[in-house]
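Okay, thanks for making time, everyone.

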Amino acid sequence: MNEAVEISVQESPVSEKYKSPIVLLTVLTTVLAAILAALQADANIRADIANRDSQYLAIQASGELHRAGLEANYEFNVFGDYLKNLQEATVLQLTALEQEQKGKDQAARDTKELAVIAQARADAGMKFSALFTDPRYAPQGDDLLPKAEQYIIDNSAKANEIVARENEAADAYARWNRKSDSYVTALTILAVAFFLFGLAQAVRKARMRLAFGLFGLVVILFTLFLTAVTLLA
């Protein structure tokens, strides 16, 4: 008679060791992910604002440069006509003197009248030019010519100021955009920690759970380092 031999198979219980620290690390990772998401959203908003300001200032600078160019073109055209009329008046006066010396009185009188007309045109041009009416640029003392260099500096000052602000906004956009990208990278790396902690909770052996937990902790530390560097940049 064959006796039935009963073999009782006792399954080894699943170890609960290190599960509590893994849960705590998972919660920590969740909080860190929320903070990183908030930082990324803030950086993205700041980048968008800086980009908008940069584009607005670029348009404003373009308009100011156009205005300054038109104004300078008018002023120097008037100044050029002034010099032309002044030179013409001087030449006519010299010609009249030469005609008087030769006894051509009528021709001299006609030439003087032309000289007076040319001088009148030059004087009229002075009334419509900031180079002569503005005390900052008008000739003073023995100076015969206005301060054109100072006029150019003042005329382009506002455009240069707007361009400087536009460059600052563009630099701010680049800086916040880099930070936003860095936060996205940190979030991507942090997803690895979630995966490792998930594996740690799923495995049955305590040693494997500990190994996955340590790898996940290393990922968290690296993420914290990357976040700190990005915040200080």
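**Helix packing and a few side chains**

So let's start with helix 1 and helix 5, the latter running over residues 157-202: these two pack with their axes 6 Å apart, at an angle of about 160 degrees. An angle over 145 counts as roughly antiparallel, so that's what we call helix 1 relative to helix 5. Their crossing is left-handed. Before I go on, do keep in mind that this is a predicted model.

Okay, next partner. Helix 1 covers residues 19-101 and helix 2 covers 105-127, and here again the angle is about 160 degrees, with 8 Å between the axes. That makes helix 1 roughly antiparallel to helix 2 as well. Helix 1 goes past helix 2 in a left-handed crossing. If you want to find the contact on your screens, look on the helix 1 side for residues including Val 78, Tyr 82, Leu 86, Ala 89 and Leu 92. Facing them from helix 2 you'll see, among others, Ala 107, Ala 108, Thr 111, Leu 114, Ala 115 and Ala 118.

Now, what about helix 6: is helix 1 roughly parallel or antiparallel to it? The angle between helix 1 and helix 6 is about 25 degrees, and the axes are 11 Å apart. That makes the two roughly parallel. Who makes the contact? From helix 1 it's Lys 19, Ile 22, Leu 25, Thr 29, Leu 32, Leu 36 and Leu 39. From helix 6 we have residues including Arg 209, Gly 213, Leu 217, Ile 220 and Leu 224. This crossing is left-handed too.

Leu 28 sits in helix 1, and with a relative accessibility of 44% it counts as partly exposed. Leu 28 and Leu 57 are 29 residues apart in sequence, and their C-alpha atoms are 43 Å apart in space. Then there's Val 229, over in helix 6, residues 206-232. Val 229 is partly exposed, at 43% relative accessible area.

Right, on to the aromatics. How many aromatic pairs are there? The count comes to five. The one I'd like to show you is Tyr 137 with Tyr 151: edge-to-face, 5.5 Å centre to centre, with 85 degrees between the planes. Tyr 137 is in the loop between helix 3 (130-133) and helix 4 (148-155), while Tyr 151 is in helix 4 itself, so the pair ties together parts that are 14 residues apart in sequence. Both tyrosines, Tyr 137 and Tyr 151, are buried. And if you bring in Phe 76, ring pairs link Phe 76, Tyr 137 and Tyr 151 into a cluster.

One more ring to look at: Trp 176. Lys 179 lies over its face, 4.7 Å from the ring centre.

Last stop, back in helix 4, is Asn 155. Buried or exposed? Its relative accessibility is 11%, and the cut-off for buried is under 20%, so Asn 155 counts as buried. What does Asn 155 touch, apart from its neighbours within four places in sequence? The contacts are Glu 64, Arg 67, Ala 68, Glu 71 and Ala 72.

Okay, that's my tour. Happy to go back to any of it.

Terms used: Residues are numbered from 1 along each chain as its sequence is written. This is a predicted model: local features need pLDDT of at least 70, side-chain atom pairs count only at pLDDT 80 or more; totals for chains, interfaces and linings use all residues. Side-chain values use heavy atoms; hydrogens and water are left out. Helices (H or I, at least four residues) and strands (E, at least two) are DSSP runs, numbered from the N terminus. Buried means under 20% relative accessible area, exposed over 50%, partly exposed in between (1.4 Å probe, protein chains only). Rings of Phe, Tyr and Trp (its six-membered ring) pair if their centres lie within 6.5 Å; planes under 30 degrees apart count as stacked, over 60 as edge-to-face and the rest as tilted. A charge sits over a ring if NZ of Lys or CZ of Arg is within 6 Å of the ring centre and within 35 degrees of the ring normal. Contact means heavy atoms within 4.5 Å. Axes are lines fitted to C-alpha atoms, for helices over the stretch in contact, and angles run from 0 to 180 degrees between N-to-C directions. Angles under 35 degrees count as roughly parallel, over 145 as roughly antiparallel, 65 to 115 as roughly perpendicular and the rest as oblique. A crossing is left-handed if the near helix is turned anticlockwise from the far one by less than a right angle, and right-handed if clockwise.
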